[in-house]
Amino acid sequence: MPTARIQQITIVGTGLIGGSFALAIKMHGFAGRVVGCDREPVLARAKAAGVIDEGVVDPVRATRGSQAVLLATPVGGILDLIERIGPTLAEGTLLTDVGSTKGEIAARAQAVFGSKAATRFLPGHPMAGKERSGIEQADADLFEDAVWLVTPLPGQDVEAGLSGECLELIRGIGARVVVLDLARHDRLCAWISHLPQMLSTALAATVVDELGDDPELLAIGGRALRETTRIASSPYSMWRDIALTNTKNIEEALVRLEQRLAHIRENLRTPELKTEFERGNQFRRRDAGAQTK
């Protein structure tokens, strides 16, 4: 995946997403230099595993000489890093991110870069991951066939200049780039990602409270319980920032779900329960059909 201008990339946050991106571009032919930025022990493991070529703890120093900088930390870290390293970046360096919410991140980038934000910052969000984080979980195939959402700033042509080259790298690792409006991104992700996480967490916590001391719980725990609580092991450190930066949309989704659950509870003995199952079946059929296309 040769690129005209991107010869060095800095990845701030060499955990699951950042480490996987580094492995993926290397596997798909990126011949440039990959600099990692994280805590010293993480960088040591990343370098030993061949994920990065160099590790630098200080983010300002880590970005020197790079034409592209990927912020692969939780959302709160991304917000802080934009302010910290944004003003220090060379004029020809593109800053991009992998944050799961985009509204506050885009606003912070516009505040830091001002009128040049559309050429200096590319808001991104890969729809890929695992329940467990860390460099040990890094996987070069993580983004294969995954959607990589891009939410342009006002007046931004994401296919132009360094943004376009960055998207070439992303497509080169097997991801599908989808351009989405900022506000629509945060609302959709509240429903398709953030609500399922809160539901899984609530279900797992409730089961622990109600049946946690029951010795037969795990022995007879069925597939349905395991599948619906699978993502309950996701780290709070990441979801705290998502909840703080997409509160309104998540609240709205939770309220609608609470109303639906109350409706089901009130109709356990009526034909209305059949209607709810039919609507649920309808969504699953549509989802299965979309995945086969």
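**View 1. V69, a buried residue in strand β4.** At 0% relative accessibility, V69 falls under the 20% cut-off, so V69 counts as buried. Keep in mind that this is a predicted model. V69 belongs to strand β4, which covers residues 68-71. What does V69 touch, once residues up to four places away in sequence are set aside? The list is T10, V12, T63, I85, L89, T93, L94, L95 and T96. For a distance to check on screen, take Q110: 41 residues along the chain from V69, with 17 Å between the two C-alpha atoms.

**View 2. Strand β4 and its two covered faces.** Which residues sit on which side of the strand? A68 and L70 are on one side, V69 and L71 are on the other, and all of them are buried, leaving both faces of β4 covered. As for partners, β4 pairs with β1 in the parallel sense over 4 bridges, and I9 stands opposite A68 there. β4 is also joined to strand β5 (residues 94-97), again by 4 bridges and running parallel. A68 turns up in this pairing too, with L94 as its bridge partner in β5.

**View 3. Strands β1 and β2 side by side.** β1 (residues 8-12) and β2 run parallel and are joined by 5 bridges. To find your place in the pair, look for I11, which stands opposite G36 in β2. Is β2 mostly covered or mostly open? Mostly covered: of the 5 residues in this strand (33-37), 4 are buried.

**View 4. The open sheet β7-β8-β9.** This sheet has 3 strands in the order β7-β8-β9, and the pairing is mixed. Its edge strands are β7 (124-126) and β9 (176-179), each of which pairs on one side only. Going from one strand to the next, the twist averages 25°. How do β7 and β8 run relative to each other, parallel or antiparallel? They run antiparallel, and 3 bridges join β7 to β8 (residues 147-150). One handy landmark is P126, whose bridge partner in β8 is W148.

**View 5. Helices α4 and α5 packed together.** α4 (residues 75-85) and α5 (residues 103-113) pack at an angle of about 5°, and their axes are 9 Å apart. That angle is under 35 degrees, so α4 and α5 count as roughly parallel to each other. On the α4 side, the residues in the contact are V75, I78, L79, D80, I82 and E83; they meet E104, I105, R108, A109 and V112 in α5. Sorted by type, the contact has 7 nonpolar residues, no polar ones and 4 charged.

**View 6. Helices α8 and α12 crossing.** α8 (residues 182-211) packs on α12 (residues 247-266) at an angle of about 60°, with the axes 9 Å apart. The two helices are therefore oblique to each other. Which hand does the crossing of α8 and α12 have, right or left? The crossing is right-handed. From α8, the contact takes in D186, R187, A190, W191, H194, L195, M198 and L199, while α12 brings N249, I250, E252, A253, L254, R256 and L257. The breakdown for this contact is 9 nonpolar, 2 polar and 4 charged residues.

Definitions and conventions
Residues are numbered from 1 along each chain as its sequence is written. This is a predicted model: local features need pLDDT of at least 70, side-chain atom pairs count only at pLDDT 80 or more; totals for chains, interfaces and linings use all residues. Side-chain values use heavy atoms; hydrogens and water are left out. Axes are lines fitted to C-alpha atoms, for helices over the stretch in contact, and angles run from 0 to 180 degrees between N-to-C directions. Angles under 35 degrees count as roughly parallel, over 145 as roughly antiparallel, 65 to 115 as roughly perpendicular and the rest as oblique. A crossing is left-handed if the near helix is turned anticlockwise from the far one by less than a right angle, and right-handed if clockwise. Contact means heavy atoms within 4.5 Å. Ala, Val, Leu, Ile, Met, Phe, Trp, Tyr, Cys and Pro count as nonpolar, Asp, Glu, Lys and Arg as charged, and the others, Gly among them, as polar. Buried means under 20% relative accessible area, exposed over 50%, partly exposed in between (1.4 Å probe, protein chains only). Two strands pair if DSSP finds at least two bridges between them.
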